[in-house]
Amino acid sequence: MKLLAAACLAAIACATPASAETVIITADRMIDVIAGKVVDHPAVMVTDGRITGIADARTVRWGADVRHIDLGGKTILPGFIDMHVHLDANPLYGGYTGLQFTDLFWAVQGVGNAKAMLDAGFTTVRNVGSENYSDVAYKQAIDEGLMAGPRIVPAAHALGATGGHCDSTYLPPSFKAKGVAVGDGPADLRRIVREQRKYGAEVIKVCATGGVFSRNTEPGQQQLSEEELRAIADEAHQWGLKVAAHAHGAAGIKAAIRAGIDTIEHASLIDDEGIRLAKERGTRLSMDIFNTDYTQAEGKKNGVLEDNLRKDREVAQIQRDNFRKAHAAGVKLVFGTDAGVMPHGTAGGQFRVMVQYGMTPMEAIQAATREAALALGREKDVGAIAVGRYADIVAVGGDPLADVGELADVDVVIKSGVLIRRVD
């Protein structure tokens with residue numbers, strides 16, 4: 001990590017326009033996720049939202065025209081990245097209870113979910129599937145300053161097979177309900193990739209297997225062929241987009257990896273061969289090993305059907321055990337919670353479970369910062385407190401390397417050098 005000389009920091013101008021806003025953020029400690037170490041007494045200089053220097057706060061002086069955010073007594077970390085969220089979902093309405101609302105209700109209530117994610121310290125999220133292009137709309141509104149929320153990498157509509165997990169499977173034939181991005185065959189699915197990109201998708205989401213919270217599908221069941229998955233991956237990569245595959249079952253996971261898909265979501269029933277393939281090919285796994293605590297405790301009350309709760313129970317512990325196995329084997333793991341299945345503001349609770357199932361606190365933090373940024377292909381912008389990246393920073397009063405549970409309730413959230421939330 002580059003250090004800016006104290007003399008340059010004191011001058012503040014340092015090759016930046018005179019009109020540029022400069023902020024200095026100081027704290028007792030900083031977690032350097034790139035080097036995997038703690039830095040004492042950091043001073044982070046920010047100009048127009050990006051980090052321009054890092055030095056020892058004990059040697060830095062600054063003028064009255066510099067905005068100072070003093071986080072004395074706290075540890076700062078990069079803003080977190082959740083690689084698997086659904087901002088337009090709400091766990092309070094499961095099964096058929098969501099049919100009581102108009103279609104646009106889901107987009108509207110998602111505004112609060114975006115704010116909840118940001119307040120929880122998640123300054124970047126990958127929204128892997130939405131209805132009515134709501135995630136693209138949230139991104140546009142946030143970028144325009146019209147609503148509060150994290151940086152969003154939208155997937156728009158998730159691709160799937162007819163009758164599969166990403167299709168509409170809850171209604172009888174007379175409703176003629178069909179998922180917007182449902183397709184059959186390589187050519188049809190290539191067209192849908194292009195359509196999603198056309199309307200704002202920055203990542204492509206595909207459902208390779210059945211799922212827990214859909215009807216008439218089983219999690220272990222492969223639902224797209226390897227040929228179809230390869231067509232989706234090839235088309236997306238041609239357009240410069242990465243691909244995330246919902247895949248619980250072992251066969252679907254391996255087909256998605258062989259097809260060249262970038263991240264596997266859930267990966268609940270991954271087998272030894274799938275773990276070996278993921279490690280060999282550098283495929284990252286995003287395993288949501290936290291949310292089952294909520295779904296089993298609250299799902300029935302929220303209207304979730306018993307068949308869905310049954311599937312959730314069947315895969316939950318297997319997924320957690322496979323998380324431990326994949327981590328021990330050296331597979332690259334990123335932080336993804338499936339927020340929307342549980343309340344968005346509770347996403348930070350997953351750090352504790354990741355440590356419980358084999359990670360060190362530093363590794364869990366890196367999964368939500370450094371590794372997630374690499375998986376997004378946005379390591380020049382987010383994922384570390386480093387020169388050139390956005391000044392997206394969270395702070396806690398304790399030591400998260402001693403007690404990673406500190407990250408479930410952060411004290412401070414800063415996005416682009418702007419203080420969003422502070423609780424002392």
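Threonine 124 touches Phe80, Ile81, Asp82, Pro150, Arg151, Leu376, Val382 and Asp392, leaving aside residues up to four places away in sequence; contact means heavy atoms within 4.5 Å. The model is predicted, so local features need pLDDT of at least 70 and side-chain atom pairs count only at pLDDT 80 or more, while totals for chains, interfaces and linings use all residues. Residues are numbered from 1 along each chain as its sequence is written, and side-chain values use heavy atoms, with hydrogens and water left out.

Threonine 124 lies in strand E7 (residues 122-127). Helices (H or I, at least four residues) and strands (E, at least two) are DSSP runs, numbered from the N terminus. The relative accessible area of threonine 124 is 3%, so the residue is buried; buried means under 20% relative accessible area, exposed over 50%, and partly exposed in between (1.4 Å probe, protein chains only). Isoleucine 152 is 28 residues from threonine 124 in sequence, and their C-alpha atoms are 5.9 Å apart.

An open sheet is formed by 5 strands in the order E9-E10-E11-E12-E13, with parallel pairing. Its edge strands, E9 (203-207) and E13 (333-334), each pair on one side only. Two strands pair if DSSP finds at least two bridges between them. Two strand pairs are set out below.

Helix H9 (residues 306-329) has 24 residues and spans 35 Å from its first C-alpha to its last, close to the 34 Å expected at 1.5 Å a residue. The expected span is 1.5 Å times one less than the number of residues. H9 has a kink of about 30° centred on valine 315, where the bend is the angle between axes fitted to the seven residues ending at a residue and the seven starting there. Valine 315 is also buried, and other buried residues of H9 include Leu309, Asp312, Gln319, Phe323 and Ala326. Just after H9, glycine 330 takes a positive phi of about 90°.

For residues 75-419, UniProt lists "domain: Amidohydrolase-related" in an unreviewed entry; the positions follow the numbering used here, feature names are shortened, and annotations may be inferred rather than shown by experiment. Over residues 75-419 the chain is 35% helix and 14% strand, with the end C-alpha atoms 16 Å apart.
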